[in-house]
Amino acid sequence: MSIKVHELGHARAGDKGNTSNVSVVAYDDAAWQVLHSQLSVERVMAAYAHIARGPVTRYELPKLRALNFVIENALGGGVTISLAQDAHGKSLSYVMLGIELPG
Amino acid sequence: MKRDEIRVGCGAGFSDDRIDPAQEIAEQGALDYLVFECLAERTIARENLARLKDPDKGYTPYLVERFQAVLPACSRNGVRIVTNMGAANPVAAAQAVRREARALGLDEIAVAVVLGDDVTEQIRANPQLALMESGDPVESLLPRMASANAYLGADVVRDALATHAPVVMTGRVSDPSLFLGCMLHGLDWSYEDYPRLAAGTIAGHLMECAAQLTGGCFADPGKKDVANMARIGFPFADIGRDGGLVLGKVEGSGGRLDVMTCKEQVLYEMHDPTSYVTPDCILDVTGVDFEQVAPDRVRVVGARARPRTPTYKVVIGYHDGWIGEGEVGYAGPNALARARLSEQIVRERLQLRGFSYPEMRVDYIGMSSLHGMACGRQEPYEVRLRIAARSPDRKAAQAVGFEMRTLHVNGPAGGGGGTNALREVLGVKSVLLPRALVRTQVLVEGTR
């Protein structure tokens with residue numbers, strides 16, 4: 001049995017230079033337990049491997065039941081010079097939400 | 001007279017934001033201050049080029065429309081306006097606002113202008129400063145530099161408000177500082193009172209993207225629904241002298257403001273949540289908590305701040321060549337194969353013409369343009385080929401779109417909807433500049 005991050009939480013992506021940050025906020029306590037223990041740096045790096053060079057850093061905000069992933073070298077050199085259509089990487093939150101975790 | 005509580009609202013979260021929510025909040029928001037944040041990282045570089053061509057230009061393009069929409073209500077309701085719409089030319093922007101007030105038949109208004117964010121001279125004089133991105137000295141960028149602006153803090157916004165001018169016009173000021181400046185002035189906070197700076201900075205950070213706090217950038221149908229998104233209301237904050245903070249939006253406006261929208265926005269563009277650096281303080285959001293106190297009303301507690309750094313962050317805009325691009329669409333049987341054939345043809349054509357590129361990107365829109373080409377993607381019914389390339393040479397960049405365009409007649413069967421474009425690239429890089437090298441100044445345009 002696996003479960004998509006999309007079922008456990010919601011996410012938003014932000015940009016600064018060539019770095020993307022993607023937050024994941026758990027819907028409830030049970031979801032937080034799964035996200036906290038299963039949504040690892042390794043799993044996130046694997047999901048973004050064809051887009052970003054990394055590294056990936058994970059920050060925990062237990063009070064908000066949220067994780068914040070900082071993904072470096074993710075935005076085609078930076079918003080202003082990127083050749084990508086989504087230069088800000090606004091859509092990158094849905095790569096996170098598509099990750100499958102062991103349920 | 002200083003008050004125990006003030007209300008600060010947001011009228012725009014980016015340069016191309018909707019205009020009518022600002023009018024709504026100016027008319028019905030019972031505001032004391034209305035803040036418009038309209039400057040992206042590279043905007044000033046672009047506007048600096050506009051100013052070089054025409055000395056009366058160089059401020060944000062929608063300035064007139066935004067002021068037309070809110071000036072009558074702000075003037076009637078005594079709402080003071082604070083904005084960075086001045087971009088590369090805040091003095092010309094202030095004059096434009098005064099012209100607009102006259103055209104609307106309002107009383108003469110004074111505009112306080114914040115100057116000093118333009119640090120081009122200081123950067124030229126300090127070529128040894130290290131770029132934050134690479135550590136290299138800034139010297140190598142100087143020949144291509146188009147602009148250099150320091151992110152000023154809330155103290156200059158406070159000083160500008162102290163002139164009693166109803167409008168404050170700035171160039172580059174850090175986004176949360178535009179809001180915090182209203183609180184320093186309106187609540188008589190000390191610039192050394194870090195618990196209060198924390199409350200004001202988090203209020204500004206949450207509101208600076210306008211609708212992103214009130215249901216924008218949030219809806220996911222069936223999972224996270226948002227009501228009446230065509231009429232999303234922009235946020236405001238009630239801030240007490242003690243730093244108490246409750247967020248809200250105009251009653252009856254669209255969107256939603258709740259703990260979920262706040263949690264998404266508090267981490268927006270944040271890296272280490274213990275250390276969000278602004279010109280005013282270093283904000284720590286790890287202790288923050290949100291509480292729904294009424295429908296569309298959220299109390300924010302627990303923000304902390306450490307003392308500000310001894311430097312200002314400076315964004316340097318520089319010329320970085322050209323980007324040329326083009327698109328063409330295919331649908332129905334064998335659509336992807338026809339799009340792939342087009343890619344090969346364009347690559348060969350550009351090579352035949354003797355062009356090469358330091359970077360080229362190929363997107364199959366419908367498959368790979370946003371999340372890359374991961375394994376196992378299904379072939380879509382329709383696919384749109386996009387090719388973009390960068391070059392220091394304008395002609396080479398232009399050739400990309402040209403060759404895409406010729407596919408209509410010279411390419412595979414059934415290619416339609418071709419487009420092409422060419423744009424000048426302004427890159428941005430950052431350095432840290434010691435505060436002592438920055439001289440800020442407040443100038444009042446017009447008399448009170």
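This is a predicted model: local features need pLDDT of at least 70, side-chain atom pairs count only at pLDDT 80 or more; totals for chains, interfaces and linings use all residues.

Which residues does I232(B) touch, leaving out those up to four places away in sequence? I listed P21(B), A211(B), T214(B), G215(B), G216(B), S253(B), G254(B) and G255(B) as the residues it touches.

Next I checked where I232(B) sits: I found it in the loop that runs between α8 (194-207) and β7 (235-240) of chain B. I counted I232(B) as buried, because it has 25 C-beta neighbours inside 10 Å and the cut-off is 20 or more.

Then I turned to the nonpolar cores. I saw that the largest one has 144 residues, and that V24(A), L34(B), V35(B), V168(B), I202(B), V314(B) and I316(B) have the most contacts inside it. Its largest share, seven residues, I traced to α8(B). I noted that this core lies between domain 1 (5-117 + 152-309) and domain 2 (316-430) of chain B, because both give residues to it. I found another core apart from it, with 22 residues, including W322(B) and Y330(B).

Last, I looked at the contact between the chains. I read off 37 residues from chain B and 28 residues from chain A. On the chain B side, I found α9 (259-266), β14 (311-331), β15 (359-365), β16 (382-391) and β17 (416-434) each supplying at least two residues. β17(B) gives the largest share of that side, four residues. I sorted the chain B side into 15 nonpolar, seven polar and 15 charged residues.

Conventions. Residues are numbered from 1 along each chain as its sequence is written. Chains are lettered from A and ligands numbered from 1 in the order in which they are written. A residue is buried if 20 or more other C-beta atoms lie within 10 Å of its own, exposed if 12 or fewer, and partly exposed in between; C-beta atoms are placed from the backbone. Two residues are in contact if their C-beta atoms, placed from the backbone, lie within 7 Å. Ala, Val, Leu, Ile, Met, Phe, Trp, Tyr, Cys and Pro count as nonpolar, Asp, Glu, Lys and Arg as charged, and the others, Gly among them, as polar. A nonpolar core is a set of buried Ala, Val, Leu, Ile, Met, Phe, Trp, Tyr and Cys residues joined through C-beta atoms within 7 Å. Domain bounds come from an automatic or database domain assignment.
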